[in-house]
Amino acid sequence: MLIDKQFIKICTIDDLKENLGKRFIIDNSEIAVFKVEGEIYALSNICPHQKSAIIFDGLIECGKVICPAHGWEFDLATGNQAGGRRGLTSYPVFIHGRDVYIKMIEKDINW
Ligand code: FES
């Protein structure tokens, strides 16, 4: 199977714990990866509030990750805040077998 060259293997599904984020640094980008109810999500790890690299450590609740510093909430699937306001960059995820790939996309300032 040909996988888009922009997809980078970061880990296996088994490396991720349910509802616990994991931090990756890929091409100088901070990425927070979550496994929630069998789905894998990849978001920027940098909270737009104070530019802190702590999203991976956030609490998972109702399809959202809550920043541990001051409680800003971001949708796991889109990275958006309430009302569709932009929040965190969301990275496409591809699963092949047990391997987890993330598509690195152009960095954009998402706040
Ligand atoms: S640093 Fe994330 S809410 Fe303040």
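Arg23 is partly exposed, with a relative accessible area of 41%; buried here means under 20% relative accessible area, exposed over 50%, and partly exposed in between (1.4 Å probe, protein chains only). The model is a predicted one, in which local features need pLDDT of at least 70 and side-chain atom pairs count only at pLDDT 80 or more, while totals for chains, interfaces and linings use all residues. Residues are numbered from 1 along each chain as its sequence is written, and side-chain values use heavy atoms, leaving out hydrogens and water.

The side chain of Arg23 meets that of Glu30 in a salt bridge (2.6 Å, N to O), a term for a side-chain nitrogen of Lys or Arg within 4 Å of a carboxyl oxygen of Asp or Glu. Glu30, in turn, is buried at 15%. The count comes to 4 salt bridges. Among them is the one between Asp99 and Lys9 (3.3 Å, N to O). Asp99 lies in strand β12 (residues 99-103) and Lys9 in strand β1 (residues 7-12), so this pair ties together parts that are 90 residues apart in sequence. Strands are DSSP runs (E, at least two residues), numbered from the N terminus.

Turning to the sheet, 4 strands form an open, antiparallel arrangement in the order β2-β3-β4-β10. Because β2 (22-26) and β10 (90-91) stand at the edges, each with a single partner strand, one side of each is left without a neighbour in the sheet. Two strands pair if DSSP finds at least two bridges between them; 6 bridges join β3 (residues 29-36) to β4 (residues 39-44), with Ile31 opposite Ser44 in β4.
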